[in-house]
Amino acid sequence: RYAAPVTSHASVRAQRRAAQPLMAAAVSYKKPTIVDATDTATATVIWLHGLGDEGKEWNRLAEKTGVPWAKFVFPSAPMQECTISEMQTNAWYDIPGLSVQQLREDAAGIQQSCAYIHSLIADEIANGTPSERIVLGGFSQGGCIALAAALSCEHELGGVMALSTWFPRGIVDEPTPANAKMPVMLCHGE
C-alpha cells in the first residue's frame with residue numbers, strides 16, 4: 001500500500017503563499033457599479049463587499065435603504081489568489097487564515113485597497129460631493145477595508161459602517177485628524 005505523506009493545512013498554505021507574490025502586486029479594479037440617487041444627489045455611499053463577492057451583487061442595498069438623495073458606489077475587489085479560499089477570487093487583500101493576526105497579515109494588500117477607495121472618494125469630491133457627505137461601508141473583508149480607508153483618509157468623511165468584520169489593528173490604529181470625530185457604526189451578529 002502507498003501512504004501519502006501527511007501534511008497540515010497550515011504547511012500547505014505556507015508553501016502556496018511562498019510560491020505566490022504578495023497581493024499588493026499590480027492588480028486591476030473593474031469599474032464600480034453605480035446606482036444614482038432617485039432625487040438630487042447630496043451624498044454618496046461607497047459600499048465594499050466581502051471576500052469572493054462582487055460590488056454589483058450589493059446594488060439592491062441602494063433600493064432597500066430608502067435614501068433617495070444618496071448615490072451608491074459598489075466597487076469590486078480585484079480577482080486574485082487568496083490563500084484561505086485556495087483559489088482565485090475577488091479579494092481586497094490576502095487572508096492566510098482566521099486568527100486575529102492572519103486576518104490583517106497582508107498589510108500591503110490592505111493599504112493598496114485603501115488607496116483605491118481613497119481614489120473613489122477623490123472622484124466623488126471632484127464630481128461635487130462634499131467629503132463630509134461621503135460615507136464608507138462594508139461587509140466582512142470589505143468592512144475591514146472600509147474601516148481602514150475611512151480612518152486613514154485625509155478628507156473629512158461623513159462616517160463609516162462595518163458589518164460582521166474585524167478591525168485592522170496594527171495597520172490603522174489612529175484616525176487622521178480630519179476623521180478624529182467621525183461617526184463609526186460596527187455591527188456583528190444575527
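Residues are numbered from 1 along each chain as its sequence is written, and side-chain values use heavy atoms, with hydrogens and water left out. Because the model is predicted, local features need pLDDT of at least 70 and side-chain atom pairs count only at pLDDT 80 or more, while totals for chains, interfaces and linings use all residues.

**Exercise 1. Determine what pLDDT the protein chain averages, and examine residues 1–24.**

Step one: pLDDT is the predictor's confidence in each residue, from 0 to 100. The protein chain averages 87, and 86% of the residues score at least 70.

Step two: over residues 1–24 the pLDDT is below 50, and this stretch has 24 contacts in the model beyond near neighbours in sequence, where contact means heavy atoms within 4.5 Å.

**Exercise 2. State how many helices and strands the protein chain has, and in which pattern they follow along the sequence.**

Step one: helices (H or I, at least four residues) and strands (E, at least two) are taken as DSSP runs, numbered from the N terminus. By this rule the protein chain has 5 helices and 8 strands.

Step two: read along the sequence, these elements follow the pattern α-β-β-α-β-β-β-α-α-β-α-β-β.

Step three: of the contacts with a separation of 6 or more in the protein chain, 66% are accounted for by residues 24 or more positions apart.

**Exercise 3. Work out the strand order of the open sheet, and explain what is particular about β1 and β8.**

Step one: two strands pair if DSSP finds at least two bridges between them. The open sheet has 6 strands in the order β1-β3-β2-β6-β7-β8, with mixed pairing.

Step two: β1 (33–35) and β8 (184–187) stand at the edges and each has a single partner strand, so one side of each is left without a neighbour in the sheet.

Step three: neighbouring strands of this sheet are turned by 15° against each other on average, direction ignored; the axes here are lines fitted to C-alpha atoms, for helices over the stretch in contact, and angles run from 0 to 180 degrees between N-to-C directions.

**Exercise 4. Follow the pairing around β2 and β6, and identify which helices lie on these strands.**

Step one: strand β2 (residues 43–48) and strand β6 (residues 134–139) run parallel and are joined by 5 bridges. Val45 has Val135 in β6 as its bridge partner, and Ile46 stands opposite Leu136 in β6.

Step two: β2 also pairs with β3 in the parallel sense, over 4 bridges, and Thr44 stands opposite Lys71 in β3. On β6, the pairing with β7 is parallel over 5 bridges, and Val135 has Gly159 in β7 as its bridge partner.

Step three: helix α4 (residues 107–126) packs on the sheet and touches β2, β3 (70–74) and β6, its direction making about 150° with that of β6. Helix α5 (residues 141–152) lies across β2, β6, β7 (159–163) and β8, and runs at about 150° to β6.

**Exercise 5. Decide whether the residues of β2 are buried or exposed, and find which way they point.**

Step one: buried means under 20% relative accessible area, exposed over 50%, and partly exposed in between (1.4 Å probe, protein chains only). Of the 190 residues in the protein chain, 41% are buried.

Step two: in β2, 6 of the 6 residues are buried, so this strand is largely enclosed by the rest of the structure.

Step three: Ala43, Val45 and Trp47 point one way from β2, whereas Thr44, Ile46 and Leu48 point the other way.

**Exercise 6. Identify which loops hold Glu86 and Ser164, and describe the phi of each residue.**

Step one: most residues other than glycine have a negative phi.

Step two: Glu86, in the loop between β4 (79–82) and β5 (87–90), has a positive phi of about 55° although it is not a glycine. Glu86 is partly exposed, with a relative accessible area of 39%.

Step three: Ser164, in the loop between β7 and β8, has a positive phi near 45°. Ser164 is partly exposed as well, with a relative accessible area of 24%.
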